[in-house]
Amino acid sequence: MLDEELEEIERLRGEPSGAAAAGRPVERGDAAGLAGLAFSGGGIRSATFNLGVLQTLGQLGLLRTFDYLSTVSGGGYIGSWLHAWIHHSGAPDATEPGVDHVERCLSPVASPDPQDERVGPIRFLRRYSSYLTPRTGTF
């Protein structure tokens, strides 16, 4: 862990710069209470399951509590989708690009209408998640 990494996490959390500056990076990381979210592999089934996890985290308002995202295989599919949505939905000057917006959109309670324009990324994911048979038809 690097000092710069911890400083960026502090910035994204809205903490004063260098709030935990004393000590080695490992000690600072322990004191900061860092949290990570990991999505395992398993292809499209894993991505689908992890979408449910993300929707629950959004509903509970917990998505913003994670500092790290680790993915593999199908988990990488949903993880990269999430990262792109957060990145592209935030204002250019936002300190936390789009996390609040994405968290609200992921919540089935806050966004119950599946046709709502705000949940377009979820519709897109569901529409194009069948990579084995992207189109139905004769062949």
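Author: Helix α4 has 16 residues, so at 1.5 Å a residue it should span 22 Å. Its end C-alpha atoms lie 23 Å apart, which agrees. The model is a predicted one, and α4 covers residues 74-89.

Now its buried residues. In α4, Gly74, Gly75, Gly76, Ile78, Gly79, Trp81, Leu82, Trp85 and Ile86 are buried. An α-helix has 3.6 residues a turn, so residues three or four places apart point the same way. The buried positions in α4 include Ile78, Leu82 and Ile86, and also Trp81 and Trp85.

Next, the core. The largest nonpolar core holds 19 residues. Leu54, Ile78, Trp81, Leu82 and Leu106 have the most contacts inside it. At least two residues of this core come from each of β1 (36-39), α3, α4, α5 (99-106) and α6 (120-127). The largest share is that of α4, with 5 residues. In soluble globular proteins, nonpolar side chains tend to be buried together.

Leucine 82 gives a detailed view of this packing. Leaving out residues up to four places away in sequence, leucine 82 touches Leu54, Leu63, Val102 and Leu106. Of these partners, Leu54 and Leu106 are also among the residues with the most contacts inside the core.

Serine 46 sits in α3, residues 43-60. Beyond its neighbours within four places in sequence, serine 46 is in contact with Ser40, Gly41, Gly74 and Gly75. Gly74 and Gly75 are among the buried residues of α4. Serine 46 has a relative accessible area of 8%, so it counts as buried, the cut-off being under 20%.

Helix α3 leads on to the strands. With β1 and β2, α3 makes a right-handed β-α-β unit. β1 pairs with β2 (residues 68-71) in the parallel sense, over 4 bridges. Leucine 37 stands opposite leucine 69 in β2. β1 has two faces: Leu37 and Phe39 are on the covered one, Gly36 and Ala38 on the uncovered one.

Last, the whole chain. The protein has 6 helices and 2 strands. From the N terminus, they run α-α-β-α-β-α-α-α. Of the 139 residues, 28% are buried. Among contacts with a separation of 6 or more, 62% join residues 24 or more positions apart. The accessible surface is about 9000 Å², with 57% of it belonging to carbon and sulfur atoms.

Key
Residues numbered from 1 in each chain as written. Predicted model: local features only at pLDDT ≥ 70, side-chain atom pairs only at ≥ 80, totals over all residues. Heavy atoms only, no water. Buried < 20%, exposed > 50% of the residue type's maximum accessible area, 1.4 Å probe, protein only. Contact = heavy atoms within 4.5 Å. Areas by Shrake-Rupley, 256 points an atom, 1.4 Å probe, with all protein chains shown as cover. Core = buried A, V, L, I, M, F, W, Y, C linked by side-chain atoms within 4.5 Å. Expected span 1.5 Å × (residues − 1). Pairing = 2+ DSSP bridges. Right-handed = clockwise from strand over helix to strand, strands pointing away.
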